[in-house]
Amino acid sequence: MSEYIAHDAGGVSVGQVETKSYTFARPPDEMRLESGARLGPVTIAFETYGELNPARTNAVLVLHALTGDAHVAGYHHPDDPKPGWWDLMVGPGKGIDTDRYYVICSNILAGCMGTTGPSSLSPATGRPYGLAFPVVTVADMVEAQKALLDHLGIERLLSVVGGSLGGMQVLEWAVRYPDRVASAIPLASTTRHSALAIAFNEVARQAIMADPKWNRGDYYDGLRPDLGLAVARMIGHITYLSDESMRQKFGRRLQDKADFSYNFDADFQVESYLRYQGSKFVERFDANSFLYITKATDYFDLEAQHGGGSTAQAFSKARARFLVVSFTSDWLYPTYQSRSMVQALKKNGLDVSFCEIQAEWGHDAFLLPSPRLTALLRAFLARVLAEESGG
Amino acid sequence: MRFDLKVIASWIEPGSRVLDLGCGEGDLLYYLKTQKGVTGTGIEMVEEKVQRCIERGLSVLQGDINAEILDYPDQSFDFVVLSQTLQQVYEPARLIQELLRVGRRGIVSFPNFSHLPVRLQLLLTGRAPVTKELPYDWHDTPNIRVITLKDFRQFSRQAGFRILREVAIRSHHRDTAGHLVRFWPTARATYGLFLIGK
């Protein structure tokens, strides 16, 4: 997702921010995971923006996608080349207005941006967990976030908002802690990972595991499986774009040459782009985290976990108001998946709004500048705050 | 707000649950929410209008009314509104049946095709009428059928629903003002409004 991060043209920003951390589940009170395994201690990296109001009714939890982190907006250092990953949406006067809301974002469990994950040191061995790290689920990620909110003293969230895997966490929040979320905004997301999405994840994981440097996850002392991780990222990138966006962005244009090279160098711009994205990604991401997080998304099935196979049943405990948004060219989590989510919400008599935004840029559209998405989030949050404050 | 919507709003009891099929930019729902404490939901096909509704603090679903209405449990609403949309519906009988499944009452309005100027246009010019209420050429219209007050009454008997209340109106000033038509409504009314039930 980092390729989209851009400075706000108006220069508006939350300014300089810092990542904080909170550690809990210290042995012997480890966190019990959905799989039954125990994990502890757990450290959560998080950032906050804006001020919590005295009534504590204006907290918005932002949930990041596969490769995101706690750094949503602003800059860590004045000379940072780029702001946080959703700076165009989160900041003063923006869609999620930090002048009005207290915004929280934490790095997900199994991540590699400050939260405990496979690259963290295992208390048992004093070495990185590697594959000894237990497999976690979206529900486990939400449990870790709940521990953080308890620590911050936030009883009820005005909203939970996120795209893609972030949207799955939004849904998990809404059914797991119905009394703690006033509203939920899943963007470009799904109630259950489809065979298509699992298939791409599996090919990406195989690319990592086929790299000899992966060494069954034990590579932290030596060379890392950069090639495998780069290929995994290239596969991911294809699924985040669309036929239309690739046609427009690259077409069949050649990269810095007038004719074919007649060898296996990157001839086409699209090849060069994917190689570049792959090589950039390995600088900031851990291959084992990629394996664990993609597995968590593959396991995600709200219907099976909360509804006995029925989407409508899965939402029977939910109380939040929903704003569901999909994008026309998203083929990873296509609109029909958002529609079936909306259908289930309607069957439960829940307050739901749904908008399918016309967008050419595929799944990643939720991260790109969209006056429409900004307008929707701004208005929806304002309405929920008014209803929560005044009834 | 359009005059027909003002009349419709006057029929809706405060605090009731309302579904507005083809809600446009949410004029009716916004009025009902702010003036009558109504809990409302709209269904609208056009993305821009959906955004406008959400910006006004309304709940709205982007989609086709014929499909979206199917998901609601029986009797989810006190009133289901279908204003100036019936003339665009492919299967009116099926939609009205659904409307009265999910709602206790339905409110249906449509442009009256037996309005005198419509009749005269056809009679005198021999061409398909184009009026203020139905401002489209035959080849460029979203309206796939034309309906008169009498037609709708007959349709209620065929399709098996009851007309509980009927008002004919004549609107003017871009439809924002108007009055009720009591004398010879079938020829003098621009729109018919019907409160229906099972």
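How many bridges join strand β9 of chain A to β10(A), and do the two run parallel or antiparallel? In this predicted model, the count is 4 bridges, and the strands run parallel. Strand β9 covers residues 159-163 of chain A, and β10 covers residues 183-187. Within this pairing, A:Val160 sits opposite A:Ala184 of β10(A).

With β11 of chain A (residues 321-327), β10(A) pairs in the parallel sense over 3 bridges, and A:Ala184 stands opposite A:Phe322 of β11(A). So what about solvent cover? Strand β10(A) is mostly covered, with 5 of its 5 residues buried. A:Ser183, A:Ile185 and A:Leu187 point one way from the strand, while A:Ala184 and A:Pro186 point the other way, and all are buried.

A:Ser164 lies in the loop between β9 and α2 of chain A, and its phi is near 60°, a positive value in a residue other than glycine. As a rule, most residues other than glycine have a negative phi, and most peptide bonds are trans. A:Ser164 counts as buried because 29 other C-beta atoms lie within 10 Å. A:Asp256 also takes a positive phi, about 55°, without being a glycine. This residue belongs to the loop between α5 (243-249) and α6 (269-281) of chain A.

One runs from A:Pro27 to A:Pro28, with omega near 10°, and A:Pro28 is in the loop between β1 (20-24) and β2 (31-32) of chain A. Another joins A:Gly40 and A:Pro41, with omega about -5°. A:Pro41 falls in the loop between β3 (38-39) and β4 (42-49) of chain A.

Stepping back to the whole chain, chain A has 11 helices and 12 strands. The radius of gyration of chain A is 21 Å, which agrees with the value near 21 Å for a compact globule of 391 residues. Its C-alpha atoms fill a box of roughly 70 × 50 × 50 Å along the principal axes. Of the 391 residues, 52% count as buried. Among the chain A contacts with a separation of 6 or more, 72% are between residues 24 or more positions apart.

The largest nonpolar core has 169 residues, and A:Val60, A:Val62 and A:Val103 have the most contacts inside it. Helix α11(A) supplies the largest share of this core, 8 residues. Leaving aside residues up to four places away in sequence, A:Val62 touches A:Val72, A:Trp86, A:Val90, A:Val103, A:Ile104, A:Cys105, A:Val161 and A:Gly162.

Chain B has 8 helices and 8 strands. Its radius of gyration is 16 Å, close to the 16 Å that the globule rule gives for 198 residues, so chain B is as compact as a globular protein of that length. The C-alpha atoms of chain B fill a box of roughly 50 × 35 × 30 Å along the principal axes, and buried residues make up 42% of the chain. For chain B contacts with a separation of 6 or more, 61% come from residues 24 or more positions apart. In strand β4 of chain B (residues 77-83) sits B:Ser83, which counts as buried because it has 23 C-beta neighbours inside 10 Å. Beyond residues up to four places away in sequence, B:Ser83 touches B:Asp4, B:Leu5, B:Ile8 and B:Ser109.

Where the chains meet, 19 residues of chain A are in contact with 14 residues of chain B. On the chain A side, α10 (335-347), β12 (352-357) and α11 (371-390) are the elements that give two or more residues. By class, that side has 9 nonpolar, 4 polar and 6 charged residues. From chain B, helix α3 (residues 47-55) has B:Val50, B:Gln51, B:Arg52, B:Cys53 and B:Ile54 as its buried residues. These buried residues pack against β12 and α11 of chain A, together with β2 (39-44) and β3 (59-62) of chain B. Just after α3(B), B:Gly57 has a positive phi of about 80°.

Conventions
Residues are numbered from 1 along each chain as its sequence is written. Chains are lettered from A and ligands numbered from 1 in the order in which they are written. This is a predicted model: local features need pLDDT of at least 70, side-chain atom pairs count only at pLDDT 80 or more; totals for chains, interfaces and linings use all residues. Two residues are in contact if their C-beta atoms, placed from the backbone, lie within 7 Å. Ala, Val, Leu, Ile, Met, Phe, Trp, Tyr, Cys and Pro count as nonpolar, Asp, Glu, Lys and Arg as charged, and the others, Gly among them, as polar. A nonpolar core is a set of buried Ala, Val, Leu, Ile, Met, Phe, Trp, Tyr and Cys residues joined through C-beta atoms within 7 Å. A residue is buried if 20 or more other C-beta atoms lie within 10 Å of its own, exposed if 12 or fewer, and partly exposed in between; C-beta atoms are placed from the backbone. Two strands pair if DSSP finds at least two bridges between them. The radius of gyration is taken over C-alpha atoms; the globule rule is 2.2 Å times the number of residues to the power 0.38.
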